[in-house]
Each structure stands twice: as C-alpha cells, then as structure tokens.
Amino acid sequence: MFPAKFDYVRADSAADVGRLLAEHDDAKLLAGGHSLIPILKLRLAAPATLIDIGRIPELKGVSVEGGALRIGALTTHAELASSDDIRRQAPALAEAAAQIGDPAVRNRGTIGGNVAHADPASDLPAVLTALGATFHMTGPDGSRAVPAESFFEGMMMTALQDNELLTAVEVPCQAEGQASAYSKLPHPASRYAVIGAAVRLTVAEGRCTEARVVLGGLTPIPTRALAVEQALTGKPLDDRTLQAASAATADGLGDDLLGDIYASAEYRKAVAHVYVRRALAAAAGRLA
Amino acid sequence: MKVQLTINGRRFDREVEPRQLLVHFLRDLGGLTGTKVGCDTSQCGACTVLLDGVAVKSCTCLTVQADGCQVTTVEGLSRDGKLHPLQEAFWNKHGLQCGYCTPGMILASHELLRTNPDPSEPEIRHALEGNMCRCTGYQNIVRSVKEAAKTMAGGSQ
C-alpha cells in the first residue's frame, strides 16, 4: 500500500506553516505521520499537498511555566512517557503515553498529531480531558486557546480549523492533594484503547473535593462519567467508595457507544467500570 | 524530490516521489532487502529500522521525512565481518524459524538494549510488543535477547 500522489513542502517555523497553508489549497500537516500516513495509505484521504512540520524547533520540548506544563505539539509519546516533568506533574499522561502502540510507534507519534487526529480509540484525548488541558493554536487571525472539553467535537473532528496549526498542549501541574492515573483495555493487535479510563482526584482533609473521570475508546469523544464523579465527591477514598462509584460508570455514557468485531458496544459498556475502578484505585493509592 | 540518506554508513542521493515509503526506498533503491514489508499497517514490526539511532517502522515513514538522516538496517549491524551480538544470539538460541520477522525483532531488541541494557523477561516481552512472529518463536526470541544483553554487558561490542 502506498499513498496517492501529493506535493510535499517542508516548513521551517510556525509562521512558515501559516504562509504555506495560505498558499496551498487542500493541504494537510504532517508531523510524525503515525495517524496520517496510515490514512493516506488506505486512501481514506488524498490531500493535494503535505506540509511537513516535523522539524520545527519551536514546536518541540516540554517546560514548566507558571504552574503548568507546556508541551510542544511535536513532543513524541516516548518523550511524554520519559519526561521527568510530566511523570511528576501529570502522571496519568506519562502512564497513558507509555501504553500507546509499541516503542517504535511511540518514537514517531506526537501529542499534537494525536489530538488533532482525534481518533476515539486513542489514549491521550481522555487523559488530557481529565487533566483539564488546554490546546494552543495559531491561524491567520492570531493565536487562541481551547480547553480539551470543547476541543473534541466528534469522531475525528476537533475545534482546530484547516488553516490553523496546533502549537502546544498546556496541562496544569499536579496540585497539592491531587493524583491522576490511566487504565486501559488495549486492542491486542493495534494497542488502541478499546476502553480507556483517565482520572484525576483531589483530596483535602481525607475527603475527595474534586473528581474528574473521563472515558475514551468506547465513546466518539472523551466523555466525563459524571455519575462516578458525583459518587466520589465529598467522600473518603476508601475501597467501598471506589467500588460504589465505579459501579455507576455505565450511567450517563448514553447509547452512542462504539463497538467492533473485537469488542461489542454492549461488552464495552458492561466492563468499562473495571477500568474506571483500576484507575481510581491507582490514583487513590498515590494519595495514600 | 531530491533526498540524501546515509544508510549503514553509505550515502544515497536519489530523486524520489514524496509518497514513497522509507521501506521501499531501502528495498528497491538501496537494494537492502533485509528489511521486510509485513502487515504494512505499523503493527507487525517486520519493517523496523533505526532512524538516527532510534527504532521506527519504515512502512509508516516517508522517505522525504528521513531526508538527511542516518538509517541502520539489519545489514548494517555487523562490523568487520563479525555479526552483532544480537545476530549471534538469535543464531545461537534459535531465535527464528522462517526468519521473516527477524530483522525487525533484532532492531527492536537493539532499541530495548539501548534504553535498558539489562532487561528482565517481562521487559523484553513488553518491548517486543510491536513485533510479531507467526512461527510462535517468542520463547527463543526472549532467550536470544537475554543472551545478547549478557554478551554486550561483557564489553565485546
């Protein structure tokens, strides 16, 4: 399999991307290519031009600025998984990145490409939603920031416009009394998430003051399990509470659930609570 | 488009179509058929090569993305006619049957030992998750990687 013909241009800077996007109709941005190249090979997409953004220095690197992690869009999954800053400040993100695909895939795939592609079976959208991330993008009208909860609009659809470049992902640093975790059921061949559960818990004086519980893999976009969050809030995070809260996972997930030959929608709905419970237990364990 | 790649230390200047996949450059223009096309969907790992020293799946990389880079294929691992310890170990421990997955297995193992020189058995199995052997030879593949780690720790390479 190989892609249909396209023109190829390489951008040297974010400003260069803007210029090239304005010059080329029907162009797609290429970073690590681990979402885009498979689609091109299957000929599900045949853009006229690929703009390679993979070498732009300003889109690389992880830093801590003003209480938040700033993660360049070109940061690879391998870099997310091994970054000391991310492991310390957003453990669920490092944990999820380490479970994407396999080592060779993680060496090429990028956080920006991953979220811009917005595959429902991807790991990072649910994690970044649970962690309250913000996506930074630039376009002809300047820069803007969109919170994760409004960035993902539908299956493979996001707030990112065709003439915009995703430049960075901002993730709040873990606050005092906070912990996060990710648990998934991977597809045995592709390692995509059949079910992914991302949680961030905040406790004060022995009780949960805030819970963010987000599911991916079985829903078209990352979906907050509000019933689980409510069942945790105000309670001590003991086994009993975690058990009772995770039992509410299926409530509120709705009927628009994904299924395939490997795992039906009914099956995913029935076992999702297991992964929620595991993620909750891992996060609660980190707070103990 | 004109590209310049250094493959196993040898420089290749070629004109390629932007849509060409790196694995096809290696096999068809480089004549290096050690690298295999397996599933062609970045799952089986038969096409694994090192790009600037890091393992990648060459069926999911365009040649133009590798422009200016160093590529190492299985043919580039031996030194002065002497097999790399991983190649020796796969031979000694019978880490292959049909051999189709072997170049990818060896380069994925190379990546593992670069980042973790003394891996446990579970770590080896985890690191080779993206490489499939359809002869069910995983037991001996794991033994091969263990032996190579031991040899390499001994400082022979």
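Visitor: Where in chain A is A:Ser183?
Guide: You'll find A:Ser183 in strand S11 of chain A, which covers residues 178-186. Strands (E, at least two residues) and helices (H or I, at least four) are DSSP runs, numbered from the N terminus. One heads-up: this is a predicted model, where local features need pLDDT of at least 70, side-chain atom pairs count only at pLDDT 80 or more, and totals for chains, interfaces and linings use all residues. As for labels, residues are numbered from 1 along each chain as its sequence is written, chains are lettered from A and ligands numbered from 1 in the order in which they are written, and side-chain values use heavy atoms, with hydrogens and water left out.

Visitor: What does A:Ser183 touch?
Guide: Leaving out residues up to four places away in sequence, A:Ser183 touches A:Ile195, A:Gly196, A:Ala197, A:Tyr275, A:Arg278 and A:Ala279. Contact here means heavy atoms within 4.5 Å.

Visitor: Let's hop to chain B. Where is B:Asn131?
Guide: B:Asn131 is in the loop between H4 and helix H5 (138-153) of chain B. With 5% relative accessibility, B:Asn131 counts as buried. Setting aside neighbours within four places in sequence, its contacts include B:Cys44, B:Gly45, B:Met105 and B:Tyr138.

Visitor: And helix H1 of chain B, which of its residues are buried?
Guide: Helix H1 of chain B runs over residues 22-29, and its buried residues are B:Leu22, B:Val23, B:His24, B:Phe25 and B:Leu26. Among the elements covering them are strands S1 (2-7), S2 (10-15), S3 (48-51) and S5 (70-72) of chain B.

Visitor: What follows H1(B)?
Guide: H1(B) is followed by B:Gly31, which has a positive phi, near 70°.

Visitor: New topic. How many residues does each chain bring to the contact?
Guide: Chain A brings 31 residues and chain B brings 30. About 2400 Å² is buried between the two chains, with 56% of it from carbon and sulfur atoms. That is the accessible area (1.4 Å probe) that two parts lose on being put together, summed over both. On the chain B side, B:Arg19, B:Thr60 and B:Gln65 supply 28% of the area that chain B buries against chain A, more than any other three residues.

Visitor: How many salt bridges cross that interface?
Guide: Four salt bridges are found across the interface of chain B and chain A. The rule asks for a side-chain nitrogen of Lys or Arg within 4 Å of a carboxyl oxygen of Asp or Glu. A:Lys41 and B:Asp40 make a salt bridge, with N to O at 2.7 Å. A:Arg191 and B:Glu129 also pair up, at 3.8 Å. That pair goes from the loop between S11 and strand S12 (193-204) of chain A to the loop between H4 and H5 of chain B.

Visitor: How accessible is A:Arg224?
Guide: A:Arg224 is partly exposed because its relative accessible area is 25%, and A:Glu149 counts as partly exposed too, at 46%. In another salt bridge, A:Arg268 meets A:Asp260 at 3.1 Å. There, A:Arg268 is buried at 4%, whereas A:Asp260 is partly exposed at 39%. Shared partners also join A:Glu149, A:Arg212, A:Arg224 and A:Glu229 into one salt-bridge network.

Visitor: Last one: how much space lies in the second largest pocket?
Guide: About 1200 Å³ lies in the second largest pocket. On a 1 Å grid over the protein atoms alone, a pocket is an open set of points where a 1.4 Å probe fits, with protein on both sides within 12 Å along at least five of seven lines, and lining residues have an atom within 4 Å of a point. Points are joined across faces, edges and corners, and the volume is the space filled by probe spheres set on them.

Visitor: Which residues lie nearest its centre?
Guide: Of the 36 lining residues, A:Thr76, A:Ala78, A:Arg106, A:Asn107 and B:Val54 lie nearest the centre. H3(B) gives the most to the lining, with five residues.

Conventions. Buried means under 20% relative accessible area, exposed over 50%, partly exposed in between (1.4 Å probe, protein chains only).
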